[in-house]
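Here are some notes to read alongside the model. They take the ligand and then the aromatic rings.

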Amino acid sequence: MPTRIGVCNLCEAICGLELTVEGDGPDLRVTAIRGNDQDPLSRGYICPKGVSLADVHADPDRLRTPVRRVGEGADAEWVDIGWDEALDLVADGLARAVNEHGRDAIGVYLGNPNAHALGSATHGLAMVKTLRTRNRFSASSVDQIPHQLVAWQLYGHQLLLPIPDIDRTSYFLVFGANPMASNGSLMTVPDFPNRLRDLRARGGRMVVVDPRRTETAKVADEHLFVRPGSDAVVILAMVRTLFAEGLTRPAPYVDHVDRVRELVEPFTPEAAERVSGIAADDVRRLARELAAADGSAAYGRIGVSTTGFGSLAQWGIQCLNILTGSFDHPGGVLFTEPAVDFVARRFVGTGHYDLWRSRVRGIPEYGGELPAAVMREEIETPGDGQIRAMLTIAGNPVLSTPDGRRLGEAFDSLDFMAAIDIYLNETTRHADVILPPTTALERDHYDIVFHGLAVRNTARFTPAVLPKPDGAMHDHEIYRELALRVQKRLVRRPSLRTRLRQRARLAMTPTRILAGLLRTNGVTTLKQLRAHPEGIDLGPLRPTMPERLQTKDKRIDLAPDLVVSDLPRLRTWFDERLSSSPDGLVLIGRRHKQDNNAWFHNIERVNRGRPRHRLLMHPDDLSARGITDGALVRVASRVGEVTVDVQASDDMMPGVVSLPHGYGHQVDGTRLSRATKVPGVSINDLTDPEALDLSGNAALSGVPVTVTPA
Ligand SMILES: Nc1nc2c(c(=O)[nH]1)N[C@H]1C(S)=C(S)[C@@H](COP(=O)(O)OP(=O)(O)OC[C@H]3O[C@@H](n4cnc5c(=O)[nH]c(N)nc54)[C@H](O)[C@@H]3O)O[C@H]1N2
Ligand SMILES: Nc1nc2c(c(=O)[nH]1)N[C@H]1C(S)=C(S)[C@@H](COP(=O)(O)OP(=O)(O)OC[C@H]3O[C@@H](n4cnc5c(=O)[nH]c(N)nc54)[C@H](O)[C@@H]3O)O[C@H]1N2
Ligand code: SF4
Ligand SMILES: [Mo]
């Protein structure tokens with residue numbers, strides 16, 4: 001059977017694939033998918049979602065032609081229309097909003113798959129920029145903005161993130177991440193299970209700090225429960241311990257270490273114990289272990305980013321790595337040297353904060369985006385700068401952002417809405433027009449983003465596996481057409497010079513732009529990569545400091561004003577906690593190996609077996625409320641309530657309950673996908689858009705809730 005080399009773009013692990021294909025020309029189809037043993041990064045690893053990648057392509061519910069909504073809500077009919085008509089309708093709708101109300105009248109939301117598509121990197125952002133609106137939003141503000149803000153402040157570029165050197169570390173300390181299910185994030189680490197096995201075979205240890213005994217915690221050497229939202233205090237108490245016990249050895253290019261010592265003084269391990277539940281002696285011991293190991297890496301992900309103090313927690317983690325000497329040290333955390341260096345080449349800007357604020361609540365922008373948590377009020381509140389037309393691109397904010405249900409209602413009040421998406425779902429059903437691009441297997445791919453965040457330097461170009469069907473459009477073609485058609489309709493257009501420059505850029509294919517980027521970088525060429533579709537190995541992470549720093553003076557300010565300005569807020573929170581011990585329940589999220597954010601429930605292969613949608617709750621918390629395992633319960637927060645089945649679980653920290661995110665597809669309407677049959681509710685009908693980190697990132701974790709029998 002003929003095989004093709006491909007890549008899975010579903011998550012950050014970017015696994016190499018070997019696909020068995022049958023048929024010819026337009027009838028070519030994929031009959032089997034396995035991991036590619038020859039891939040220098042993923043080494044043959046694949047997860048259940050990767051095996052199902054072609055099911056997305058074959059899914060009869062997937063949109064293959066543009067559709068237009070006729071009628072409202074549950075009675076809406078979806079009518080197939082041609083591309084030309086569809087693109088004109090979208091350009092009309094967007095341009096009208098700008099011509100009548102100014103350019104901020106367009107709101108744009110970019111979802112997660114944009115980070116996983118070459119055409120989005122080369123054309124998507126360029127198209128969005130031509131719209132020149134300040135009302136830009138993305139999934140980043142329900143995800144990793146704290147990392148970006150801290151990296152910009154410390155290292156001079158928001159995507160210059162130190163990556164755990166998992167293949168050589170001897171001590172891996174994990175806060176709020178579950179790589180056994182997620183396959184790693186801001187740490188591209190395919191084949192995590194085997195890499196962990198190797199780590200332990202070398203005599204290394206992994207310690208996990210998490211309010212749930214997760215799949216990762218279960219294979220760790222040690223797991224500590226932590227009260228949701230309190231990690232920043234624990235981490236700063238560890239930093240304080242390093243100072244108190246003389247364990248710091250920062251590099252000569254690090255400034256303001258003494259200032260950090262003063263700033264963390266109030267965060268004693270004893271106080272951390274009282275807010276977090278982690279014993280003071282354990283806090284001290286973790287700090288000592290981190291300092292003693294030759295090659296240790298502290299790492300924190302979604303569970304700490306999506307809290308009210310995500311930026312301080314991420315800053316504290318950087319302090320731990322820098323002060324113990326693990327930063328830029330083999331076995332510690334190091335910067336990558338990708339073949340397309342989006343950091344040094346400024347393919348992405350360095351970062352900025354508070355250049356403008358959201359109109360209604362006055363929340364600062366970060367990196368050109370406003371928090372997704374303010375989207376609804378910007379749509380609903382009348383006045384100058386109100387959003388009148390929305391464009392969502394590969395995103396499902398109704399399920400993925402706080403108070404999503406009400407955001408969906410707000411979408412219905414828009415003058416116009418368009419979506420670029422391959423499914424009709426909870427978000428796109430509010431659109432007037434949906435434009436579906438080709439799917440991943442039909443497009444060339446190079447991972448501009450994730451090679452730069454990977455535990456090993458590699459590069460890989462994978463040409464499209466399947467042919468582009470007649471009459472289909474690639475994502476970059478849609479972006480180009482939209483940019484041109486909107487601009488043509490604008491009363492006030494940018495200068496001819498600007499327009500010609502934009503047009504020239506959009507005219508190139510993503511692959512040609514990539515070839516240019518590779519050439520200027522000089523590590524490898526497209527020709528070399530074409531000859532090795534399995535990928536080429538560029539070696540383990542290497543020390544690169546201080547040259548790789550993107551700060552002007554090639555030094556690290558360890559106590560940047562912007563970040564430490566949030567410490568008084570943490571002090572206040574912490575003092576309140578100390579005086580009133582919390583007793584209510586708090587809600588956290590959960591990811592499963594078979595789920596992919598909010599859009600994989602249509603894929604039957606990964607949705608067989610035991611249901612995964614239940615609320616997990618400690619048996620003591622259940623019995624205290626007279627609730628039995630398996631009962632239907634009502635979970636209520638300040639924002640909303642849901643009714644869901646509960647499951648008793650010893651894996652939960654008492655006082656903490658958990659729901660997975662990305663569920664809650666049961667909406668009425670015609671032509672909705674089979675995902676609507678998957679049971680479950682949306683956790684984001686409970687999360688609170690008022691709860692934000694300094695960076696504007698949503699605090700999705702640790703939501704106060706009540707649970708009662710339904
Ligand atoms: N409570 C809670 N909420 C969370 C999280 C959490 O942990 N807890 N996690 C957050 C995180 S980390 C993230 S990244 C966000 C994700 O939030 P979103 O990005 O808003 O949600 P997704 O489910 O990833 O939506 C992806 C959309 O892209 C479409 N799509 C898939 N492939 C393509 C393609 O090739 N082209 C186009 N145009 N569309 C495509 C899908 O049909 C789907 O509609 O959710 C966040 N929300
Ligand atoms: N299978 C699968 N893989 C995925 C995704 C997916 O949807 N499914 N999504 C991808 C995306 S977009 C991302 S961003 C990554 C995310 O990658 P991870 O961050 O590894 O993902 P999660 O499994 O959400 O892990 C977060 C952990 O934080 C814990 N947690 C919650 N609150 C707190 C807290 O206050 N403190 C601490 N210490 N822990 C806390 C949760 O219990 C959970 O175990 O995963 C990616 N990979
Ligand atoms: S871990 Fe699974 S979903 Fe992620 S890239 Fe690999 S095969 Fe795809
Ligand atoms: Mo994410």
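Predicted model: local features only at pLDDT ≥ 70, side-chain atom pairs only at ≥ 80, totals over all residues.

1. Some side chains place polar atoms close enough to the ligand to count as contacts, the cut-off being within 3.5 Å. In the side chain of N425, an N or O atom is 2.8 Å from an oxygen atom of ligand 1. For R591, a side-chain N or O atom is 3.1 Å from an oxygen atom of the ligand. N684 has a polar side-chain atom 3.0 Å from a nitrogen atom of ligand 1.

2. On its own, ligand 1 has 920 Å² of accessible area, and the protein covers 96% of that.

3. The whole structure contains 8 aromatic pairs. One of them joins Y155 and F335 edge-to-face, with 5.2 Å from centre to centre and 75 degrees between the planes. Y155 belongs to helix α5 (residues 145-155), while F335 sits in the loop between β14 (333-334) and β15 (353-357), so this pair ties together parts that are 180 residues apart in sequence. Y155 and F335 are both buried. Ring pairs also bring in F327, which forms a cluster with Y155 and F335.

4. W599 and F600 make another edge-to-face pair, at 5.3 Å centre to centre and 85 degrees between the planes. F600 has a relative accessible area of 0%, so F600 is buried.

Note on methods: Residues numbered from 1 in each chain as written. Chains lettered and ligands numbered in written order. Heavy atoms only, no water. Polar contact = N/O pair within 3.5 Å; in protein donor to acceptor, adjacent residues only side chain to side chain. Areas by Shrake-Rupley, 256 points an atom, 1.4 Å probe, with all protein chains shown as cover. Phe/Tyr/Trp six-rings, centres within 6.5 Å; stacked < 30°, edge-to-face > 60°. Helix = DSSP H or I, 4+ residues; strand = E, 2+ residues; numbered from the N terminus. Buried < 20%, exposed > 50% of the residue type's maximum accessible area, 1.4 Å probe, protein only.
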